[in-house]
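User: Please walk me through a few local features of this model, with the criteria behind each term.

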Amino acid sequence: MADGHPVPGSIYFYAPNQGASIFFAIAFAISGLVHLWQCIHYKSFKLTAILPFCCALFAAGFAVRAYGALHYDDIKVYIASTMLIYMSPPILELANYHILGAVLYYIPYCAPIHPGRVLTTFGILSSIVEMLNAVGVSYLSNRLLPDRLIKLGDALLKASLLMQLAVISLFFLLAGIFRRRCARANITTPRMRIPLATLAASMFLILVRTIYRTVEYFGAAAGSTQTSGGMRLDPMSLSPILRYEWFFFVFEAAVMLANAVLWNALHPRRYLPEHRRVYLAQDGVTELQGPGWDDKRSFLVTALDPFGVMACGGRREKGEKSFWEDNGRLPP
């Protein structure tokens, strides 16, 4: 209810607003269809196919939530909508990692890490976050489970939220190092600046959402008390973030919709080349096609050592040139 008191029988604590859920379901569906068209128009399925998929998950989650507004005592509907909505932001992060890798391929001489390792490294971390997230939400949403599984879900979800904050911080560090190197090399082309600025805005929105979810969940945990009958919740001791639905629609739904629309408006393929072998020459103007920057190490070694710290044998010999230092050609 609007006064922040729990609605009898509601798993959400309040009676969900059906109209708002329908609006966001339709809005995410429209954004997803636009993303799908952009994938076809720009021939960018390899780069941005995750974006329409993520919008589809959000649309499905809010559609189920709209149904749950009329059946707010149905735990299966609650679990389904919660899992769909919780799963989507980490997948959207994965799209951002892929786009950052494409930016690094375009300006390889300023990249602080092999561009191909951006997706593998952050992808592995995101997969761990997604796994912890999904299992934690499924355990916590079902209060019929034994207390030990609910406690395990509590620990897993806390770990996933904190890990997601750490991964986002690492992303900003990597992008910041790259931007500083570009500035030192006097690379100021909009084909780099606009995608990088869009990535920063997108990750900031995800950070806002993640902070909201972290505060929300730790607030829920603070309202839990241990009794002889197990874990109990005192609804009125919970943070207003949990007791008022508008927090969810502002800091989850609206923020993630803004993120999806942001990539609609500033699609990365409007600025980046279709093929990763095309790169910007060191003059900051000319585009060349090189052999590509391949990693000859195995996937396992790449995953364990993404920055190549232990790849001593892979270092260049004295006098050997990279392809961007030789106008796109490898030495004979």
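The questions below take up a ring pair, a residue in a helix and the span of that helix.

Analyst: This is a predicted model, in which local features need pLDDT of at least 70 and side-chain atom pairs count only at pLDDT 80 or more, while totals for chains, interfaces and linings use all residues. Residues are numbered from 1 along each chain as its sequence is written, and side-chain values use heavy atoms, with hydrogens and water left out.

User: How are the rings of Phe24 and Phe249 arranged?
Analyst: Rings of Phe, Tyr and Trp (its six-membered ring) pair if their centres lie within 6.5 Å, and planes under 30 degrees apart count as stacked, over 60 as edge-to-face and the rest as tilted. The structure holds 17 aromatic pairs. In this one the centres are 5.8 Å apart and the planes of Phe24 and Phe249 are at 5°, so the pair is stacked.

User: Is Ser160 buried or exposed?
Analyst: Ser160 lies in helix 6 (residues 147-184), helices being DSSP runs of H or I with at least four residues, numbered from the N terminus. Buried means under 20% relative accessible area, exposed over 50% and partly exposed in between, with a 1.4 Å probe and protein chains only. Since Ser160 has a relative accessible area of 1%, this residue is buried.

User: What span does helix 6 reach from its first C-alpha to its last?
Analyst: The expected span of a helix is 1.5 Å times one less than its number of residues. Helix 6 has 38 residues, for which 56 Å is expected, and its span is close to that value, at 56 Å.

How values were computed
Helices (H or I, at least four residues) and strands (E, at least two) are DSSP runs, numbered from the N terminus.
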